[in-house]
Amino acid sequence: MTPRPIATAFLPGGPVETGTRVLLWSDPQWYCGAWDATATFASMPRPFWRFNQFSGVTFQRSHQPTHWMPLPEAPINAPA
């Protein structure tokens, strides 16, 4: 998979519209995250990419990603 510029996530059918989780590049590493359109905090930007449960909202807002990729398929299917 090739990383895509973050602007393409806003195209129709992209992860912003569908609400799916994706891999997000925020230098120096990849995170699993999603677009948070329901942010209720007064800081900017709002909405924003939420990608890290271990750091605070201030860190996430100031380190918004530059690229994204879809999550890879699971290697094993779970039994039905």
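Two strands pair if DSSP finds at least two bridges between them. Helices (H or I, at least four residues) and strands (E, at least two) are DSSP runs, numbered from the N terminus. In strand β3, glutamine 29 is the bridge partner of serine 26. This is a predicted model, in which local features need pLDDT of at least 70 and side-chain atom pairs count only at pLDDT 80 or more, while totals for chains, interfaces and linings use all residues. Residues are numbered from 1 along each chain as its sequence is written, and side-chain values use heavy atoms, with hydrogens and water left out.

**Overall make-up**

- The protein chain has five strands and two helices.
- Read from the N terminus, the order of these elements is β-α-β-β-β-α-β.
- Of the 80 residues in the protein chain, 29% are buried; buried means under 20% relative accessible area, exposed over 50%, and partly exposed in between (1.4 Å probe, protein chains only).
- The protein chain has an accessible surface of about 5500 Å², and carbon and sulfur atoms hold 62% of this area. Accessible areas come from the Shrake-Rupley method with a 1.4 Å probe; for residues, only the protein chains shown count as cover.
- Among contacts (heavy atoms within 4.5 Å) with a separation of 6 or more, 48% are between residues 24 or more positions apart.

**The sheet**

- The five strands form an open sheet with antiparallel pairing, in the order β1-β5-β2-β3-β4.
- Strands β1 and β4 (48-50) are the edge strands, each pairing on one side only.
- Strand β2 (residues 22-26) is joined to β3 (residues 29-36) by five bridges, and the two run antiparallel.
- A hairpin is formed by β2 and β3, with two residues between them.
- Four bridges link β2 to β5 (residues 67-70), also in an antiparallel arrangement.
- Four of the five residues of β2 are buried, so the strand is mostly covered.

**Valine 22**

- Valine 22 stands opposite glycine 33 in β3 and opposite proline 70 in β5.
- Beyond its neighbours within four places in sequence, valine 22 is in contact with Pro15, Tyr31, Cys32, Gly33, Trp49, Trp68, Met69, Pro70 and Leu71.

**The largest nonpolar core**

- Eight residues make up the largest nonpolar core: Ile6, Ala9, Val22, Leu24, Tyr31, Trp49, Phe51 and Trp68.
- A nonpolar core is a set of buried Ala, Val, Leu, Ile, Met, Phe, Trp, Tyr and Cys residues joined through side-chain atoms within 4.5 Å.
- In soluble globular proteins, nonpolar side chains tend to be buried together.

**Alanine 9**

- Alanine 9 is located in the loop between β1 and α1 (15-18).
- Alanine 9 counts as buried because its relative accessibility is 0%.
- Its contacts, leaving aside neighbours within four places in sequence, are Gly14, Pro15, Val16, Trp49 and Trp68.
- From C-alpha to C-alpha, alanine 9 and tryptophan 68 are 7.5 Å apart in space, although 59 residues apart in sequence.

**Arginine 4**

- Arginine 4 belongs to strand β1 (residues 4-5).
- With a relative accessibility of 37%, arginine 4 counts as partly exposed.
- Arginine 4 touches Thr66, His67, Trp68 and Pro70, when residues up to four places away in sequence are not counted.
- Arginine 4 and tryptophan 68 lie 64 residues apart along the chain, with 5.3 Å between their C-alpha atoms.
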